[in-house]
Amino acid sequence: MSDIKDPEVLLEVINLKKYFDVKIGLGRKNYVKAVEDISFKIHKGETFGLVGESGCGKTTLGRSIIRLIEPTSGKIIYDGDVIFDGDKRKNINMTAYRRKMQIIFQDPSASLDPRMTVGEIIGEALDVHKLFQGKLERKKRIDFLLDRVGLNTEHANRYPHEFSGGQQQRIGIARALAVEPEFIVCDEPISALDVSIQSQIVNMLEDMQEELGLTYLFIAHDLSVVRHISTRIGVMYLGNMVELGDSNEIYHNPLHPYTQTLLSAVPVPDPEVNRNTHRIILEGDVPSPINPPTGCRFHTRCPYAKDICKEKIPEWKEIEPNHFAACHIL
Amino acid sequence: MAKYIVKRIAQALILIIVVACLTFLLMNLVPGGPFLSEKSPSPEVLAAMEAKYGLDQPLPIQLKNYIFHMVHGDFGVSLKMQKNRPVILIIEEMFPISAKIGLIALLIAVSIGIPIGCLSAYYRGTRIDSALRVVMTLGISVPSFVIATLLLLLFCVKLQWLPSIGLTSWQHYILPCAALSFYPMCYTGRLARSSMLDAINQDYIRTAMAKGASTKAIIFKHALRNALIPVLTFLGPLTAFILTGGFVVETVFSIPGLGRYFIQSILVRDYPIIMATTIFLAALVIFMNLIVDIMYRVVDPRIDITKGGN
């Protein structure tokens, strides 16, 4: 991909911020800075992997992009259209974009309405966007979608709880595909599933991408899966994006100390190799996003931290071609 | 399902007999008797009266006789309040009065309680929510006789808009129904609020948002349907209690309903009336619970009532 100089941009995120209010006692408020000043672009047809440990804001970022969570400030441009602008507070109707941008959730059982049959769950999306003419076509569409994700057409009359986790996630995918989207946020779609099912779902997502020309934002904490599926990868730490680059670049030449730590933590299924690899162990816990550290947010745990790291927020810069990072020591 | 219902009805019959036995024993543990009052009759007359109604026999025999007659549909006659009138006829006469007011109160409670609960949940953390919560908490904590008396004072005495006692015109129904519905309305509201808040934060609500469903569809189609279970659980027994009449409200407004009659029967130890009204209430509660259990299945397909338990 890196040989293509200027790939077509599908989604651009500029200085996106999301702060959550937290009440601390009477009338006093504080903020959880879940997403802090993130900018990046997602190209048409690619899979953009987003990694980082729990609580770093990946899910918030993913949901903010499709405005399931209202961002605090920043700008989101989808296919040339501004779908969120923190400066111009005008209400942009998302209904049309809900057809183009979809999401697959982490917990398949919780994300399906227990009161609706599978057919109703998929059909509701068709109803909202009026994607059919007549009952017969609606049923055909639902059957087609179920078949597409490897389920039986009789399954349409059953309720979500009657299915296994893997099947539920297939329903979730069929539901997302129902509106024929261009862009799908995959919010840890496999982390709630058995390992044996995980690869099936990943393969299915890949097949669909090829067939339908989808663009994915793939959020995960399983680095080996992200590496397998992603074209480019963004690494997040405590609400910030610390590094971004081509998948292989990130794996073979990680620049940011945090990325290096993350990669060294990936288990290798070979005891020989495992023994000889140097594992970087971070000290301390992830600081609270209510009171994040000054300067570089990683400085409290960074093995290479210098004085400047405590004072100045590191600049987001292109260290190598198409390989960005935010770190003072680079 | 049919098998399940038959099983539940069989269980209910056994339960009713148990309730009857317990009530009978508890009732007889209370000192005094139907024919003892300030102007006690002579010992001979007393003995004759007790012999007439079988009260001279040992308790186990009395109980056995009562259950025997009960199973055959004979609940005896009133000993004091409407002397020698069959208890069944008394209940037949009183219940519709209580049930009418109760049903109206129930409809008010549900049709206002659930929407205010939803409203409160939707506007959580705002002034609307705070105001509604104050009202709902007030409704739960203020006893109904206070509400009833205040209503009476305001609308009948001060403003003179509404009649105070009796049940002769439709205006007479307004205050008792309002007083009777206030507590269940507030309780339903609070239940609806908390379960709506719970439902709104579920992942499937986010799924509905992602589909592009309207706010109305998200609230009513997805959140409310899932939030109804706790409300339903409360509504079952509530229906039974409210239909048999609020004692306090019936007393304050002088309504000749079952609730008031029941309490009076306890005061004068009219044993057959105490027994029959208790059994009637128990049967109604059991029946409503069965209805609620069947409704669960309609509201939530994950619940299979025929499985589990014994």
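**Reading the model**

Reply: In chain A, eight strands make up an open sheet with mixed pairing, in the order E6-E7-E8-E3-E9-E10-E12-E11. Strands (E, at least two residues) and helices (H or I, at least four) are DSSP runs, numbered from the N terminus, and two strands pair if DSSP finds at least two bridges between them. This is a predicted model, in which local features need pLDDT of at least 70 and side-chain atom pairs count only at pLDDT 80 or more, while totals for chains, interfaces and linings use all residues. Residues are numbered from 1 along each chain as its sequence is written, and chains are lettered from A and ligands numbered from 1 in the order in which they are written.

Me: Which strands of chain A are the edge strands of this sheet?

Reply: Strands of a sheet pair through backbone hydrogen bonds, either parallel or antiparallel. Here strand E6 (101-104) and strand E11 (316-320) of chain A each pair on one side only, and they are the edge strands. On average, neighbouring strands of this sheet are turned by 20° against each other, direction ignored. Such angles run from 0 to 180 degrees between N-to-C directions, with axes as lines fitted to C-alpha atoms, for helices over the stretch in contact.

Me: How many bridges join strand E4 of chain A to strand E5 of chain A?

Reply: Four bridges join E4 (residues 73-78) to E5 (residues 81-85) of chain A, and the two strands run antiparallel. Lys75(A) has Asp85(A) in E5(A) as its bridge partner. E4(A) and E5(A) form a hairpin with two residues between them, and Asp79(A) in the turn has a positive phi of about 50°.

Me: Is Glu188(A) buried or exposed?

Reply: A residue is buried if 20 or more other C-beta atoms lie within 10 Å of its own, exposed if 12 or fewer, and partly exposed in between, with C-beta atoms placed from the backbone. Glu188(A) is buried, with 22 other C-beta atoms within 10 Å. Ser254(B), also not a glycine, has a positive phi of about 50° and is partly exposed, with 13 other C-beta atoms within 10 Å.

Me: At what angle do the axes of H1 and H12 of chain B cross?

Reply: Two packed helices are described by the angle between their axes and the distance between the axes. The axes of H1 (residues 2-29) and H12 (residues 271-299) of chain B come within 9 Å and cross at roughly 150°. H1(B) is therefore roughly antiparallel to H12(B), a term for angles over 145 degrees. The residues of this contact divide into 15 nonpolar, two polar and one charged. Ala, Val, Leu, Ile, Met, Phe, Trp, Tyr, Cys and Pro count as nonpolar, Asp, Glu, Lys and Arg as charged, and the others, Gly among them, as polar.

Me: How many residues of chain B are in contact with chain A?

Reply: Two residues are in contact if their C-beta atoms, placed from the backbone, lie within 7 Å. In this model, 16 residues of chain B are in contact with 21 residues of chain A. H8(B) gives the most to the side of chain B that touches chain A, with seven residues.

Note on methods:
Angles under 35 degrees count as roughly parallel, over 145 as roughly antiparallel, 65 to 115 as roughly perpendicular and the rest as oblique.
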